[in-house]
Amino acid sequence: MPRGNTKRTITDYLPSPKRVKTTGTNEGDGWEKSSDGDLLVYQKNLKGSEKIAGYDMDGTLITTKSGKVFPTDYNDWKILFSEIPGKLKKLHASGYKIIIFTNQAGIASGKHTVEGVQKKISAIIGMLGVPIQVFVSTGKGPYRKPALGMWEFLQKEANGGVEIDLAESMYIGDAAGRPAVGKKKKDFSFSDRLFALNVGVKFFTPEEHFLDAKIQDFNMPDFDPHQVDASLPLYEPSDTLVPKHKLEVVMMVGFPGSGKSFFCSSHLEPLGYVTANRDTIGSWQKCLALMEKSLKEGKHVVVDNTHPDKESRQRYIEVAKKLGASVRCFILNVSKDHARHNNKYREFKGEDHTKVGEMIFNMYKSKYVEPSLEEGFSDIVKVNFIPEFKKNKDEKLYRMFLLEK
């Protein structure tokens, strides 16, 4: 579980900044990529500036000629608004460095090729008619917006040593969390608005920036990492006793990534509880056997699994009660999106844990049945997520928006 301001941020978790030239078409000239291949940079040595005008690409600078949501090929694009080239030229003339920050995970998945994306971007820049630096996140790691990998690389490696003035800089994108209006669908994500929030610069939608439209309505994500409160009591009720009974089983309930294992190792194991965890033992049958063995030896047990439904909980309750143990339910007070954030944070830190896919989170939510005393629990306790950090850079990363949806 994460607990601590420093200028060190997400790039402290990124690979070595060593860069190698891409290979392929003539459009590869001026392009470099990271040693891990997750970041492509065009015109890395473009003259630095204190003022940055950053842009998303698809849906912000360009749209499809075909009218389809996704382009049919690398030539299926056109400039979104006729006002765009003139606006960019004025900004460039007034000292702004124009930069494109674009997520292109299709490269890593094989849907797109490096050469095809490079060719498309080169053609776009030619149409816009101003010098432009480009950062392309090719995967789903810490370079991908709204995470700050691309921006931090700009600051450290690609702005000629010039310190960026955040108050004078801006970012423009269409993934802005806008709700559906009439026939216009809601935005597919929050990633551009959250990217700007993470950076600390002004944000505008394409319509606001290029067409001087009024500020558009938008929603924010349900989960805000800035609001995770380290001052909450660990338990609700706050006077919860641990242990409470002469012989007891604590059954954990909560999403993957909600902090169950950290809680067990930090708060229960030091008190003598034996942990039965399916991830380490291999099956619920083995967890049940370990619980039974430990109870017969007079030891408290904590069953550290997700336990979303009554069936997964009942098998332990029945055996524990036959052996004379009380069973308490400890529910991690963590929402689905909070757990997803925790999982992404651990992934970016490179922690040794099993990556949890969206399907697993959705499956848990669909199966979840709120625990009740009628199931046989002696009491039900809520456990608050109390973040702890060993380093300031860890807290800075944790407090960023890391989820795009």
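1. Two strands are taken to pair if DSSP finds at least two bridges between them; helices (H or I, at least four residues) and strands (E, at least two) are DSSP runs, numbered from the N terminus. On that basis, E13 and strand E14 (residues 301-303) pair in the parallel sense over three bridges. Ala276 stands opposite Val303 in E14.

2. The model is predicted: local features need pLDDT of at least 70, side-chain atom pairs count only at pLDDT 80 or more, and totals for chains, interfaces and linings use all residues. Residues are numbered from 1 along each chain as its sequence is written, and side-chain values use heavy atoms, with hydrogens and water left out.

3. The pairing of E13 with E14 belongs to an open sheet of six strands, ordered E11-E16-E15-E12-E14-E13, with mixed pairing. Strand E11 (235-236) and strand E13 (274-276) are its edge strands, each pairing on one side only.

4. The structure holds 19 salt bridges, a salt bridge being a side-chain nitrogen of Lys or Arg within 4 Å of a carboxyl oxygen of Asp or Glu. One of them joins the side chains of Glu292 and Lys296 (3.4 Å, N to O). Both residues lie in helix H9 (residues 284-296), four residues apart, about one turn of the helix. Glu292 is partly exposed, with a relative accessible area of 30%, whereas Lys296 is exposed, at 58%. Here buried means under 20% relative accessible area, exposed over 50%, and partly exposed in between (1.4 Å probe, protein chains only).

5. Arg313 and Glu375 also meet through their side chains in a salt bridge (2.9 Å, N to O). Arg313 lies in helix H10 (residues 310-322) and Glu375 in the loop between helix H12 (358-367) and strand E16 (379-383), so the pair ties together parts that are 62 residues apart in sequence. Arg313 is buried, with a relative accessible area of 0%; Glu375 likewise counts as buried, at 7%.

6. A further salt bridge links the side chains of Glu358 and Arg340 (2.9 Å, N to O). Because Glu358 lies in helix H12 and Arg340 in helix H11 (residues 336-349), this pair ties together parts that are 18 residues apart in sequence. Glu358 is partly exposed, with a relative accessible area of 40%, while Arg340 counts as buried at 11%. Elsewhere, salt bridges that share partners join Lys244, Glu248, Arg328 and Asp379 into one network.
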